Each structure stands twice: as structure tokens, then as C-alpha cells.
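Here's a quick briefing on a single-chain model, grouped by topic. Have the sequence and the 3D view open as you go.

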Amino acid sequence: MRRLNTSVRRLTNEAAVLQMLRDTFPTNDVQLLNIQAGDGVEKTRASVQKCGVFLGVHGAGMINEIYTLKDSVIFEMVPDNRPAYYRNCAVLRGLFYTNLLMSGTTTDTKSVTVNVAALQKKMQSIIIR
């Protein structure tokens, strides 16, 4: 999930992450959600409700997890100096939540690179659950 046309945190290796997800889970429909400020609630809700796993970088866009269905997994990539605030929302809704700490990043970091191998390992562990 990402928001377009904003000055918020972005994955520098987004293409590599998407490819890893598609290669690791070839029978799943891996898609990138492009949520834009003008999309409105209904369009955003409809897009998010298609997610079995809602994966995103820590930031305001993660609040869209409120639209996920009750059997969804919330997966947040978190800078190592930031509490996992979006965990609270997931737990209060009874959803499975997990995160991956991104070492070397802070909440001020606007361009982040996720360790694709670590992400793959963590993703595989939640699918097995």
C-alpha cells in the first residue's frame, strides 16, 4: 500500500519487494494499492477490503487498515525508533498483526529500503500460522 503524490515515506526498493511477493506467493494476487487523497472513503474501503494481507510502511496511510476484513493480516514495516502504533488498531479489531523493524531508519527518513530477504522470511512465517 502506498499513497501517491505525497512527501511521505517511500520504499526505494518497491519493485524488488513486489517481485519477491509475487515469486514467493505465486498463487496469490499480489497487488500494489495506490491510495490517493481524492479517492474517497468508498473507493479506499473497497480496495482495502480485497487485501488478505495489508502490508505497508509505517505512516498515516496505515490507518486504512480500519477497512480490512476480519480475517486480514496487518503487516507494518516500522522504523526502528517508532512504536508500532498501528498494532493497537489491529489488536482492538481482533486482527493478526506483525511487523518488521527496518534498522537504520527513523521516522524522519523519507526514503527507506527494506531488507527483502528478511521480509520474505517474515511473510512466510505468517502465512504458515
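Let's start at a glycine: just after α3, glycine 94 takes a positive phi of about 80°. Helices (H or I, at least four residues) and strands (E, at least two) are DSSP runs, numbered from the N terminus. Keep in mind that this is a predicted model, where local features need pLDDT of at least 70, side-chain atom pairs count only at pLDDT 80 or more, and totals for chains, interfaces and linings use all residues. Residues are numbered from 1 along each chain as its sequence is written, and side-chain values use heavy atoms, with hydrogens and water left out.

**Overall layout**

- The chain has 4 helices and 7 strands, and along the sequence they run β-β-α-β-α-β-β-α-β-β-α.
- Of the 129 residues in the chain, 42% are buried (buried means under 20% relative accessible area, exposed over 50%, partly exposed in between; 1.4 Å probe, protein chains only).
- Take the contacts between residues at least 6 apart in sequence: 54% of them join residues at least 24 apart (contact means heavy atoms within 4.5 Å).

**Helix α3**

- Tyr86, Cys89 and Ala90 are the buried residues to look for in α3, which spans residues 85-92.
- They cover an arc of only 95° around the axis, so they sit on the same side of α3 (the arc is that of the directions from the helix axis to the C-beta atoms).
- The buried residues of α3 pack against β5 and β6.

**Helix α1**

- Buried residues in α1 are Glu14, Val17, Leu18, Met20, Leu21 and Thr24.
- Looking down the α1 axis, the buried residues fall within an arc of 160°, so they line one face of the helix.
- Ala15 and Asp23 are exposed on the other side of α1.
- Valine 30 lies in the loop between α1 and β3 (34-35) and touches Leu18, Leu21, Arg22 and Phe25, leaving out residues up to four places away in sequence.
- Valine 30 counts as buried because its relative accessible area is 18%.

**Nonpolar cores**

- In soluble globular proteins, nonpolar side chains tend to be buried together.
- The largest nonpolar core here has 19 residues, and those touching the most other members are Leu11, Leu21, Phe75, Met77, Val114, Leu119 and Met123 (a nonpolar core is a set of buried Ala, Val, Leu, Ile, Met, Phe, Trp, Tyr and Cys residues joined through side-chain atoms within 4.5 Å).
- Two or more residues of this core come from each of α1 (14-24), β4, β5, β6 (96-102) and α4 (116-128).
- With 4 residues, α1 gives the most to this core.
- A second, separate core has 14 residues, among them Phe54, Tyr67, Val78 and Tyr97.
- Setting aside residues up to four places away in sequence, phenylalanine 75 touches a list of residues including Leu55, Met62, Leu100, Leu119, Met123 and Ile126.

- Leucine 55 sits in strand β4 (residues 53-57) and counts as buried because its relative accessibility is 14%.
- Although leucine 55 and isoleucine 74 are 19 residues apart along the chain, their C-alpha atoms are separated by 6.3 Å.
- Histidine 58 is in the loop between β4 and β5 (73-79), and its 7% relative accessibility is why it counts as buried.
- The side chains of histidine 58 and glutamate 76 are joined by a polar contact of 2.5 Å (a pair of N or O atoms within 3.5 Å; within protein, one must be able to donate a hydrogen and the other to accept it, and residues adjacent in sequence count only if both atoms are side-chain atoms).
- Beyond four places in sequence, the contacts of histidine 58 include Arg9, Arg82, Tyr85 and Tyr86.
- Asparagine 64 is also in the loop between β4 and β5, and is buried at 11% relative accessibility.

**Cysteines**

- How many disulfides does a search of the whole structure find? There are 0 (a disulfide is a pair of cysteine sulfur atoms within 2.5 Å).
- Cysteine 51 is buried at 15% relative accessibility, and cysteine 89 is buried at 17%.
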